Amino acid sequence: MSLAPGSADAVVLARGLTKKYGERTVVCGIDLTIPRGGCFGLLGPNGAGKTTTLRMILGQAPMSGGTLSVLGLPMPAAIREIHARTGVVPQSDNQDPDFTVVENLRMYARYFGLRPAEVAGRIDELLGFLELTDRRDARMRELSGGMKRRLSIARALINDPEFIMLDEPTTGLDPQVRHLIWTRLRKLKASGKTLLLTTHYMDEAERLCDQLVVIDRGRIVTQGSPRGLIDEHVEPHVIEVQGETAHVVPVLGNIPGSRLLTVGETHYCYARELGPVLARLESAPQLRYTHRTANLEDVFLKLTGHELRE
Amino acid sequence: MTNMGLVLPRPQASALKIWQRNLLVWRKLIGPSMAFSFGEPVIYLLGLGFGLGQFIGEVNGIPYFTFLAAGLLAASAMNVASFEGMFSVFTRMTHQQTYDAILATPLTVDDIVAGEMLWCATKSLLNTLPILVVAFLLGAIHNWSALAAIPVFFLVGLCFAGPALVMAASAASYDFFNYYTTLLITPMFIFSGVFYPVATLPAIAQVLVNILPLSHAIALIRPLVAGQVLADPVLHIAVLLAYAAVGYVAASIFIRRRLIR
């Protein structure tokens, strides 16, 4: 494998990564270089190929083409060694329903060849870190969705991994739990671990990711830092209006230096200058609007389109 | 990578972690697990053994109660491994996604299959043992050689685990297992010598029955339970081991296809 300059210490180095299911190509030869340290985001609409890419990096989906090394080791040849140094938070929680919280962690440690006595202290630490200490003897059916998710994160850390893969870690959780998880993930980042995160929450990606790629239909659409991508792709001002297209387009359409994007009943007017847009809005006082700065969601909508994906 | 399924499986000692996981869960669910494995054979033993036994007396020089007990022990070892390998493995593979969780650790599909087969065999032993005790308490067993049947329960479980895992890997839902149960398990239970000697069947049926493994399990367990001399033990053990070996390779291929996509 030939290494690109500066990629010698990459945690994930993929070249031409391809996955085909029969005639259907789900991942079309993507190149990924995930540097050591920090949080790397893999963004894209449903069905874009995020989870398949993650599964290939983990060795759970054989590659149809390309080369892949993880932690400097070849995948899949070194799969056992790679997994020994990796933590995985899966998209859906898959703890053992017959075990309690602490039994789940102990059993998972055994899969890594760690004895319960060796990891007793670490388990206490992880339960504290994810605020599960008082649930240590609870069974899975007694846990809320947020607690199960936190247990999934604790379990992924049982082997003290260098590299942690998280597949939509906060999907379906309430805001309090999401904030708790974000705080913990930032702490993990600060402690020098490398995070690879998939999400379709753009606020989450903006908060956590240092670098990200947006993939769509199995190809990389763009990559960079969240701030860099926003500056590159989107005008600084965004006016959001709710309402019927017939009422909004005559007001906000065709303003020089701006463009209008409609997603369902929400209209986004992207403008380099705020003045002309506000002038138009003054002439239509019946329209309620919000003005905000551009964010990653705007980049996402611009690059992946606004039609529904399933 | 497309030929991955054709490579011979390479399990490591860590496969025992899968076995250990299942043992820990079994300990928690020991009540329903035992009731399921234990109830039916004991009812057969009481109902048919005492009932029919009155009329039949002896078969091949063995009291019918003992003859039947030995057959039911072999059938129990078959059933326990088959049901664990189908229903429980399917649950761990699909609804619980236990294997997805395990495949994120250093364990591999080959370890999972090896661990599950060892576990199915162990469960055959554990859940058949109480039936042996009951058969003894009811007066069906008079020979210490019956203790030598215990490792055979394990071997029988190992033999039936592989095909059951192949079924689990091929199933879309639990209903799929009805095919295997109706087309193979039940016919073996009825025709392979649990209730009467295979020799009473027409010659062609005997050939079929002897290709299937349960008759070989019974050929080992019955003489041990009844205190008779074992006939062709090497042949019967070899057949059971061959089923186990082929079953392991086949199960590894099928489970890999299901999990690694």
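Author: Chain A is assigned domain 1 (1–85 + 161–223), domain 2 (97–159) and domain 3 (231–304), with bounds that come from an automatic or database domain assignment. Some ground rules: this is a predicted model, so local features need pLDDT of at least 70 and side-chain atom pairs count only at pLDDT 80 or more, while totals for chains, interfaces and linings use all residues. Residues are numbered from 1 along each chain as its sequence is written, and chains are lettered from A and ligands numbered from 1 in the order in which they are written.

Now the sheet. In chain A, six strands make an open sheet with mixed pairing, in the order β6-β7-β8-β3-β9-β10. Strands (E, at least two residues) and helices (H or I, at least four) are DSSP runs numbered from the N terminus, and two strands pair if DSSP finds at least two bridges between them. The edges belong to β6 and β10 (219–224) of chain A; each has a single partner strand, so one side of each is left without a neighbour in the sheet. From one strand to the next, the twist averages 15°.

β6(A) pairs with β7(A) (residues 163–167) in the parallel sense, over four bridges, and A:Thr86 stands opposite A:Phe163 of β7(A). In a regular strand, side chains alternate between the two faces of the sheet. Both faces of β6(A) (residues 86–89) are covered, with A:Thr86 and A:Val88 buried on one side and A:Gly87 and A:Val89 buried on the other. Buried means that 20 or more other C-beta atoms lie within 10 Å of the residue's own; exposed means 12 or fewer, partly exposed is in between, and C-beta atoms are placed from the backbone.

A helix belongs in this picture too: α5 of chain A (residues 145–156) lies across β6 and β7 of chain A and runs at about 170° to β6(A). For that angle, axes are lines fitted to C-alpha atoms, for helices over the stretch in contact, and angles run from 0 to 180 degrees between N-to-C directions.

Ten residues of domain 1 of chain A are in contact with six residues of domain 3 of chain A, where contact means C-beta atoms, placed from the backbone, within 7 Å. On the domain 1 side, α7 (202–208), β9 and β10 of chain A each supply at least two residues, and α7(A) gives the most, with three. By class, that side has six nonpolar, two polar and two charged residues. Here Ala, Val, Leu, Ile, Met, Phe, Trp, Tyr, Cys and Pro count as nonpolar, Asp, Glu, Lys and Arg as charged, and the others, Gly among them, as polar. The centres of the two domains, taken over C-alpha atoms, are separated by 33 Å.

One last stop is helix α1(A) (residues 50–58), where nine of its nine residues are buried, including A:Lys50 and A:Arg55. Just after α1(A), A:Gly59 takes a positive phi of about 80°.

Note on methods:
Contact = placed C-beta atoms within 7 Å.
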